[in-house]
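Subject: Structure for you to look at

Hello,

Here is the structure I said I would pass on. My notes on what was found follow below.

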Amino acid sequence: MDKVMSNKKMIALYVLPSLILILAIVYIPIVLTGYYGLNEWNGIGPMKFVGLDNYTTLMKDSKFWDSAKHSLLLAVFSALSLIVYLAIAMVLAAKLKGANLFRKIYLIPMLLSSVAIAQLWLKIYHPTSGIMNTFLESLGVNNPPAWLAEPSLVLLALFIPILWQYAGFYILIYYAALKNIPTSLEEAAKIDGATSLQIAYKIKLPLVLEVIKVTIVLAVVGSLKYFDLIYVMTDGGPNGASEVMASYMYHTAFRAYDFGYGSAIGFALLIICLVATWIIRKLTVTKDTIQYS
């Protein structure tokens, strides 16, 4: 094994299949998307090179900036929801009776497809027979809102199932990180008179900080490029009130058949995700990494 690992040709041979796969499904499509964004193209006929015209148009496109604002709001909500997920994980990791059952319940949304979740919440939000409005009517609310048809409410109505969909994923990550903390640290803190809140804030939180940083990046970047559930539930409506960058890219490319401009939107989305990742890493950088054995 040592001979193999010291042979650079063998290492290159082992790495080559993965490298080819990554190039084929990641980097080459990125380069092609950037190139298509420099052209005027309907997806079928010949391309017409227009340089940076698509990107210049993009900077002045109010619909794009509205969709970017909606994606940013979803990213902010997703990042803030991590606080709730972390709190739930801490409760589940504290030897709570029935924690295994709750952990399985939280994972159920991960087992469902986005289309199934969208259909479920469409039934919940139905204006006349949905559970949500039926409950509000039982409380005495007259004329409850049509959640997915009112521009002022549709984003909030969409954010709830999106955050619910990924709750189990983040709770599981935090739960695994918390269970990896040696119990001796918590026991020592209890002997010194620390309360449960102090243990959570001063011991557990610093030890899972690196995991939290990773989940912030995952939540923000995932929200910026989110598409499927919004597409099924509202298709960006009403009147663009729930349009996000990914859905606007889809509508431009595959419905308006403007693949050049759609590619420019997609490439801009990539740049925004990279910038967001860089900003998060800069804001969450720490000088020292706490380690334990």
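At what angle do helix α5 and α8 pack, and how far apart are their axes? This is a predicted model, and in it α5 (residues 99-111) packs on α8 at about 130°, with 6 Å between the two axes. Angles over 145 degrees would count as roughly antiparallel, so α5 is oblique to α8 at this angle. The crossing of this pair is left-handed. On the α5 side the contact is made by Arg103, Tyr106, Leu107, Pro109 and Met110. The α8 side brings Trp164, Gln165, Gly168, Phe169, Ile171, Leu172 and Tyr175. By class, the contact of α5 with α8 has nine nonpolar residues, two polar and one charged.

Another helix pair is α13 and α14. Their axes cross at roughly 160° and come within 7 Å. The pair is therefore roughly antiparallel, and α13 passes α14 in a left-handed crossing. From α13, the residues in the contact are Met245, Ala246, Tyr248, Met249, Thr252, Ala253 and Phe254. They meet Phe259, Tyr261, Gly262, Ile265, Gly266, Leu269 and Ile272 of α14. This contact has 11 nonpolar and three polar residues, and no charged ones.

The largest pocket holds about 450 Å³ of space. Its lining is made of 19 residues, and those nearest the centre are Ala93, Ala94, Lys95, Glu186 and Lys204. Two or more lining residues come from each of α4 (62-92), α8 (154-179), α9 (183-191) and α10 (196-207). Which of the elements gives the most to this lining? That is α10, with five residues. Sorted by class, the lining of the largest pocket has 11 nonpolar, two polar and six charged residues.

The second largest pocket holds about 360 Å³. It is lined by 17 residues, with Pro29, Thr33, Met249, Gly266 and Phe267 the closest to its centre. At least two lining residues are supplied by each of α2 (8-36), α13 (245-255) and α14 (259-283). How does this lining divide by class? It has 13 nonpolar and four polar residues, and no charged residues. Met249 and Gly266 also belong to the contact of α13 with α14 described above.

Two points of backbone geometry remain, each in a loop. Glycine 237 and proline 238 are joined by a cis peptide bond, with omega at about -5°. Proline 238 sits in the loop between α12 (228-233) and α13. The other point is asparagine 143, which has a positive phi of about 50° although it is not a glycine. Asparagine 143 lies in the loop between α7 (131-138) and α8.

Best wishes

Technical notes
Residues are numbered from 1 along each chain as its sequence is written. This is a predicted model: local features need pLDDT of at least 70, side-chain atom pairs count only at pLDDT 80 or more; totals for chains, interfaces and linings use all residues. Side-chain values use heavy atoms; hydrogens and water are left out. On a 1 Å grid over the protein atoms alone, a cavity is a set of points where a 1.4 Å probe fits but cannot get out, and a pocket is an open set with protein on both sides within 12 Å along at least five of seven lines; lining residues have an atom within 4 Å of a point. Grid points are joined across faces, edges and corners, and a volume is the space filled by probe spheres set on the points. Helices (H or I, at least four residues) and strands (E, at least two) are DSSP runs, numbered from the N terminus. Ala, Val, Leu, Ile, Met, Phe, Trp, Tyr, Cys and Pro count as nonpolar, Asp, Glu, Lys and Arg as charged, and the others, Gly among them, as polar. Axes are lines fitted to C-alpha atoms, for helices over the stretch in contact, and angles run from 0 to 180 degrees between N-to-C directions. Angles under 35 degrees count as roughly parallel, over 145 as roughly antiparallel, 65 to 115 as roughly perpendicular and the rest as oblique. A crossing is left-handed if the near helix is turned anticlockwise from the far one by less than a right angle, and right-handed if clockwise. Contact means heavy atoms within 4.5 Å.
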